Amino acid sequence: MMPSSNPDLAGRMAELARALAGPSGIEAVLAGVAGAAIELIPDVDVAATLLIGKGHTFETLPADSEFADKLHELQMTFDEGPCVQAALDDVIVRTDDFRNETRWPQYAPACVDLGILSGLSFKLYTADRTAGALNLFSFRPHAWTTEAETIGTILAAHAAAAILANRQSEQLRSALSTRDRIGQAKGIIMERYKLDDVAAFEMMRRLSQESNVKLADIAQQVIDSRE
């Protein structure tokens, strides 16, 4: 249920839904989510999404959120903090005053040094290979209300949907590229060895099995050999 005390929320959610359905890239959508958080939730001074990939790599979106990127970088360095905890474990992680926070003995004082006193992080359900969190920060202590958590949860759902849609689009592009490479390689083999398309594909399939190399990589080797 939408919080009745915030009449702009329904309209803002509709705008985000249209952006998600349109041609905008993931960074534009997540920038809209961050902007909506600052606009709709009182006392939010910094908002951004943290994505954690393999090998302890991380990305802050929108990319121009330098202050958020610094807060994320500190968490990855210390391997502790609300954003990391929300991305990997808990659904919502709330800090009312970093000056009294004992869960993260290194990160909490670093936040205070930067002037950040409150934090609110929401887990994003993204994919097996990527963990994510929508993170809100405030320069004031005790900034968060139940309504803030409700709106943040809705915005986090939009952010997660944008990330999943972007990943599906990347997978489709990769699949189309793989298909094109296999088709090109098959044509080269047909011309070179005077085989029909079925025999040419069977040759690549057997090479893939015998060498334990992906079919797409075999196709790329055939293309490269022509060049």
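Tutor: Let's start with a rule: a salt bridge needs a side-chain nitrogen of Lys or Arg within 4 Å of a carboxyl oxygen of Asp or Glu. Please keep in mind that this is a predicted model.

Student: What makes R94 and D96 a salt bridge?
Tutor: Their side chains meet at 2.9 Å, N to O. The cut-off is within 4 Å, so the pair qualifies as a salt bridge.

Student: Why can such side chains pair in the first place?
Tutor: Side chains of opposite charge can pair when their charged atoms come close.

Student: Is R94 buried, partly exposed or exposed, and how do you know?
Tutor: R94 has 28% relative accessibility. Buried means under 20% and exposed means over 50%, so R94 falls in between and is called partly exposed. D96, with a relative accessible area of 27%, is partly exposed by that reasoning.

Student: How many salt bridges does the rule give?
Tutor: The count comes to eight. One of them joins R140 and D45, whose closest N and O atoms are 2.9 Å apart.

Student: What does the pair of R140 and D45 tie together?
Tutor: R140 sits in the loop between β5 (130–138) and α6 (146–193), while D45 sits in the loop between α2 (26–40) and β1 (46–52), so the bridge links parts that are 95 residues apart in sequence. As for accessibility, R140 at 34% is partly exposed, and D45 at 27% is partly exposed too.

Student: Why is the contact of R205 with E202 called a salt bridge?
Tutor: The closest N and O atoms of R205 and E202 are 2.5 Å apart, and the limit is 4 Å, so the contact meets the rule.

Student: How are R205 and E202 placed in helix α7?
Tutor: They are three residues apart in α7 (residues 197–211), so about one helical turn separates them. R205 is partly exposed at 30%, and E202 is partly exposed at 25%.

Student: Which residues are buried in helix α5?
Tutor: In α5 (residues 107–114), the buried ones are Y107, A108, A110 and C111.

Student: How do you know that the buried residues of α5 line one face of the helix?
Tutor: Looking down the axis of α5, they fall within an arc of 160°, so they line one face.

Student: And what follows α5?
Tutor: G115 does, with a positive phi near 95°.

Technical notes. Residues numbered from 1 in each chain as written. Predicted model: local features only at pLDDT ≥ 70, side-chain atom pairs only at ≥ 80, totals over all residues. Heavy atoms only, no water. Helix = DSSP H or I, 4+ residues; strand = E, 2+ residues; numbered from the N terminus. Buried < 20%, exposed > 50% of the residue type's maximum accessible area, 1.4 Å probe, protein only. Arc of directions from axis to C-beta.
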